[in-house]
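Subject: Structure handover

Hello,

Please find the structure below. My notes on what was found in it follow.

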Amino acid sequence: MKAYKTQTAVLAAMVTVALFSSIAIHGLVLPGDNTAAAAKKHPGIKLQPDSGSPGSSVTVTGTEFKAKSNVKITFDGKTIKTEDANKVTTDSNGSFTAHVNIPNDAKEGNHKIKASAGFFNSDTATFTVKKNSS
C-alpha cells in the first residue's frame, strides 16, 4: 500500500510539472481563443510632427490597441482634448487618429504624449517643444 501511495504521488507531481510547463510555453489559451494573438500585439503611437511650438497641432496615430476602445491622450500626464472635442475610439483593428493641440503654456524641451486605452494598453512618444520663432 505504501508503494502505491508513493507511485501515485510521483505520478501526480509529474503531471503537475508537465501541465505547468505546457502553460509556461504555450500560455493559458483555449482552442479558438484569441488571447495569444492579443498578447503579441504591442500598442504604438506616432506623432506628426514630433516637434513644434506651444499651441501646435499634432496628429497622433495609434496602432495595435484593443479594438473598439476609448483612448485617453495626455501631455506630461495631463489629459488633452482633441481639436474637435470628440472622444477618440479605436476601430475594429485597434487603430485611431486624433488631432490635438500642444498646451499654450508648454515649456521648451521634451514632453511625453501618451495614448492609453486601458490597463497594459498604452504607448508614449516624445514631443519636443521649441521656442516660438517670433
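The side chain of Ser56 reaches the backbone oxygen of Ser53 at 2.5 Å. This is a polar contact (a pair of N or O atoms within 3.5 Å; within protein, one must be able to donate a hydrogen and the other to accept it, and residues adjacent in sequence count only if both atoms are side-chain atoms).

The model is predicted: local features need pLDDT of at least 70, side-chain atom pairs count only at pLDDT 80 or more, and totals for chains, interfaces and linings use all residues. Residues are numbered from 1 along each chain as its sequence is written, and side-chain values use heavy atoms, with hydrogens and water left out.

Ser56 sits in the loop between strand 2 (51–52) and strand 3 (57–63); helices (H or I, at least four residues) and strands (E, at least two) are DSSP runs numbered from the N terminus. Ser56 counts as buried because its relative accessibility is 14%, where buried means under 20% relative accessible area, exposed over 50% and partly exposed in between (1.4 Å probe, protein chains only). Leaving out residues up to four places away in sequence, Ser56 touches Val100, Asn101, Ile102 and Phe127, contact meaning heavy atoms within 4.5 Å.

Strand 8 and strand 9 run antiparallel, joined by 8 bridges; two strands pair if DSSP finds at least two bridges between them. Strand 2 pairs with strand 9 in the parallel sense over 2 bridges, and Gly52 has Val129 as its bridge partner in strand 9.

Regards
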